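Please work through each task before reading its solution.

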Amino acid sequence: MNQNLVANPWLAAVEPSPIGETKRWVLGRSFPADRPLIDLSQAVPGYPPAMALRKHLGELLLDPAVHGYTPILGLPVLRETYAAHLSTFYGSSIGAGEVGITSGCNQAFCLALMSLAKAGDQVIVPRPHYFNHDMWMRMQGVEPVSLDFRPGSGAVPNAEDAAKLIGPRTRAIILISPNNPTGAVYPPATIHAFYELAKQHGIALILDETYKDFLPEGERPHDLFADPSWRGTLVHLYSFSKVFALTGYRVGGVTAGANLMAEIEKAMDCVSICPPRLGQEAALYGLRNLLPWARGNTEGLKARADMLGDGLTRSNRWRLVSIGAYFAYVEHPFAGQRSTDVSKRLADEENLLTIPGDMFGAGQERFVRLAFANVADDKIPAVLERLERFGA
């Protein structure tokens, strides 16, 4: 008799998370003081939340009210504050009823996809893709349709190429900018072209702007919200995790028209009833008090990106494809070798933990992602040194 329950075949067919896989490469190892582990795998802030935020949350824990449920789509005051923030940032008018607070941006994506697509539908996703997006679609029986960037484009996809992929089962196009995994910042004209394409075909544009706060100050990434009809096309995703260093709090946001928000609310109620209250309080405090603090961190990350980018540009072996926000996407110098093998050897021989391009989709065997936000500035020279020494 079979003693094992039969798993959902759609779920069973999906490979485990690349983050867990790469972490296992160094699990249980010890590292010498002269060559410690440098972890460039998972995208996490290299600094803690602001002390003022931590003290604020500590005081809030004494209040019995903060330990209960909130409304399904989040605290009304947070929804109002977040909607006002988006309105100011994008120079538009977005209502509190058009935003919802979620348990991180991953959940925002999952809920948005559930509200738009069913099993058998297709969604266009640029490749290399954010692996959790691809994983969730396949778990739901939704078919990802890969859109590759053109050589020399700096990893920026082209709407004309996407147009050729739209068919009767297409329900949405996904964009992430600044991008994960490539770091590429999509020009406003590119984002607008994808929006117009989606609008023309009556499908959704799911725009994930988790890393929008790491753009240069005063730079508006697009003007999509200025279109009075945006609610019929655009679904916007966001995360408070990176900007306020709240990765463990699990708090994100989704913005959409009222009809779609009603469907998202139904799904949210079944998945987690409401977002974690403490995470919501942290996001609210951050929006009200910590945007200058966040801007200082962004400027520091930009300097780190410049340092890493300059070093990679000077390399005769590693080719910089794109860089921005938290990530650099580089072409490794080992022709004929899969990036998974290259990344494993980097971990074994140089104590440098990266994520191979293989884990971001087919055809990415020559690439490696470096999440440089994880480390302090003084580690960047060591990263560059180890890359140059590796396999030379």
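**Exercise 1.** In this predicted model, determine which ring lies under the charged end of Arg-345, and characterise the aromatic pair to which that ring belongs.

*Solution.* Step 1: the charged end of Arg-345 is placed over the ring of Phe-334, 5.2 Å from its centre. Step 2: Phe-334 forms an aromatic pair with Trp-318, with 6.3 Å from centre to centre and 85 degrees between the planes. Planes over 60 degrees apart count as edge-to-face, and the pair of Trp-318 and Phe-334 is therefore edge-to-face. Step 3: Trp-318 lies in the loop between α11 (291–314) and β9 (319–324), and Phe-334 in the loop between β10 (327–331) and α12 (339–350), so the pair ties together parts that are 16 residues apart in sequence. Step 4: Trp-318 is buried, at a relative accessible area of 2%; Phe-334 is buried as well, at 9%.

**Exercise 2.** Describe the surroundings of Phe-240 and its ring pair with Tyr-238.

*Solution.* Step 1: in the largest nonpolar core, which has 68 residues, Leu-205 and Phe-240 have the most contacts inside it. Step 2: beyond four places in sequence, the contacts of Phe-240 include Tyr-82, Ile-101, Ala-283 and Leu-287. Step 3: the ring centres of Tyr-238 and Phe-240 are 5.1 Å apart and the planes stand at 80 degrees, so this pair is edge-to-face. Step 4: Tyr-238 and Phe-240 are both buried.

**Exercise 3.** Identify the ring over whose face Lys-212 lies, and the cluster that contains this ring.

*Solution.* Step 1: Lys-212 lies over the face of Phe-89, 3.9 Å from the ring centre. Step 2: ring pairs link Phe-89 with Tyr-90, Phe-225 and Trp-230 in a cluster.

Technical notes
Residues numbered from 1 in each chain as written. Predicted model: local features only at pLDDT ≥ 70, side-chain atom pairs only at ≥ 80, totals over all residues. Heavy atoms only, no water. Core = buried A, V, L, I, M, F, W, Y, C linked by side-chain atoms within 4.5 Å. Buried < 20%, exposed > 50% of the residue type's maximum accessible area, 1.4 Å probe, protein only. Contact = heavy atoms within 4.5 Å. Phe/Tyr/Trp six-rings, centres within 6.5 Å; stacked < 30°, edge-to-face > 60°. Helix = DSSP H or I, 4+ residues; strand = E, 2+ residues; numbered from the N terminus. Lys NZ or Arg CZ within 6 Å of the ring centre and 35° of its normal.
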